[in-house]
Amino acid sequence: MRFGALEAGGTKMVCAVGNEDGKILERVSIPTEPPDTTMPKIYEYFCGKEIAALGIGCFGPIDLSRESKTYGYITTTSKLAWRQYNICGYLKEHLNVPIGFDTDVNGSMLGEATWGCAKGLDTAIYITVGTGVGVGVLAGGRLLHGMQHPEGGHILIPAREDDRYSGKCPYHGHCMEGLAAGPAIEERWGKKAETLADDEKVWELEAHYLAYAVTNYIMMLSPQKIILGGGVMHQEQLLPMVRSKVDKMLGGYIRTKELLDMNSYIVAPSLQDNQGIMGALKLGMEALDRAD
Ligand code: ADP
Ligand code: ZN
């Protein structure tokens, strides 16, 4: 059986067709322009591909409440052309297949839980640190939704005393995303994050904020694994620093077998950057089972 997968991002839309083993058979990438331009191209890609269902891992915030009139919409995004846009409705109307819909980070979490390093786990989190910070949560073997979906990228974090930067989040100033996403690094230090690789103080501070957030997620959710992805994590020096800072911040309070081996507890994604699109594929498979 063939399934469609759409990884809907703020800069590009990755469209793919895959099978129930998570194998991606073909894919294209379409730049994210306003919906009038972009959505017909997505439809054109999937049209005639004989997909049984489509899964969408989408940038947010999105409406996931099935009782809501705006279920399947992208809601209060800063990308104005996409605000209150009915992305599921458009694809449902044009493709007429079951559609699974979730956040991009929940998608990546699901990809890792189905075919990657979180397979078989009860509770895990996937954190992406890129243009924003997002957190996908697996709890009790299922993606956590609650009211909508967690917004773990916006947890409030005190600025470290040596950090004079006020934070970039328009809602909270120095929340996690406001302090530690790629654009915050760029604004604080005056250069793009990817050009700061050799500046140790940049990554020591970044690791501090990441560890602060991760420690709070550990206290709150008791995850069995923590996966850290996104563009900023391409800085390979970050992961070991985060592990050691988390260990210090936990202060020996929690004693579990997982925490004894930080190298396999806090990890990079395991699916060669396919975790998002594979997760979207799985969202499609689940939608077919539910006949959404
Ligand atoms: P998005 O979040 O838009 O899907 P990315 O995960 O690639 O895309 O994140 C983009 C952000 O990551 C930008 O702010 C960019 O500066 C930063 N970034 C990308 N590559 C690197 C790198 N090698 N080192 C540090 N930061 C990077
Ligand atoms: Zn915020």
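In this predicted model, ligand 1 is surrounded by Gly130, Thr131, Gly182, Pro183, Ala193, Glu194, Gly230, Gly231, Val232, His234 and Gln235. By residue class, this shell divides into three nonpolar, seven polar and one charged. The side chain of Thr131 places an N or O atom 2.6 Å from an oxygen atom of ligand 1. Gly231 takes part through its backbone, with an N or O atom 2.8 Å from an oxygen atom of the ligand. A nitrogen atom of ligand 1, in turn, lies 2.7 Å from an N or O atom in the side chain of Gln235. On its own, ligand 1 has 570 Å² of accessible area, and the protein covers 67% of this.

For reference, the ideal angle for four tetrahedral donors is 109.5 degrees. Two of the donor residues can be described by their accessibility. Cys169 counts as buried because its relative accessibility is 7%, under the 20% limit for that class. His172 has a relative accessibility of 39% and therefore counts as partly exposed.

Asp163 belongs to the loop between β8 (142-143) and α4 (176-180). With a relative accessibility of 7%, Asp163 counts as buried. Its side chain forms a polar contact of 2.7 Å with the side chain of Tyr209.

Several backbone features occur in loops. Gly60 and Pro61 are joined by a cis peptide bond, with omega about 0°. Pro61 is located in the loop between β4 (54-58) and α2 (87-95). Glu50 is a residue other than glycine with a positive phi, near 55°, and it is placed in the loop between α1 (35-46) and β4. Asn96, also not a glycine, has a positive phi of about 55°; this residue lies in the loop between α2 and β5 (99-103). Glu50 is exposed, since its relative accessible area is 72%, which is over the 50% limit for that class. Asn96 likewise counts as exposed, at 61% relative accessibility.

Ala291 is found in the segment that follows α10 (275-290). This residue is exposed, its relative accessible area being 59%. Its C-alpha atom is separated by 19 Å from that of Ser68, a residue 223 positions away along the chain.

The accessibility values of the residues discussed above are collected here.

| Residue | Relative accessible area | Class |
|---|---|---|
| Cys169 | 7% | buried |
| Asp163 | 7% | buried |
| His172 | 39% | partly exposed |
| Ala291 | 59% | exposed |
| Asn96 | 61% | exposed |
| Glu50 | 72% | exposed |

Technical notes: Residues are numbered from 1 along each chain as its sequence is written. Chains are lettered from A and ligands numbered from 1 in the order in which they are written. This is a predicted model: local features need pLDDT of at least 70, side-chain atom pairs count only at pLDDT 80 or more; totals for chains, interfaces and linings use all residues. Side-chain values use heavy atoms; hydrogens and water are left out. Buried means under 20% relative accessible area, exposed over 50%, partly exposed in between (1.4 Å probe, protein chains only). A residue is near a molecule or strand if one of its heavy atoms lies within 4 Å of it. A polar contact is a pair of N or O atoms within 3.5 Å; within protein, one must be able to donate a hydrogen and the other to accept it, and residues adjacent in sequence count only if both atoms are side-chain atoms. Accessible areas come from the Shrake-Rupley method with a 1.4 Å probe; for residues, only the protein chains shown count as cover. Ala, Val, Leu, Ile, Met, Phe, Trp, Tyr, Cys and Pro count as nonpolar, Asp, Glu, Lys and Arg as charged, and the others, Gly among them, as polar. Helices (H or I, at least four residues) and strands (E, at least two) are DSSP runs, numbered from the N terminus.
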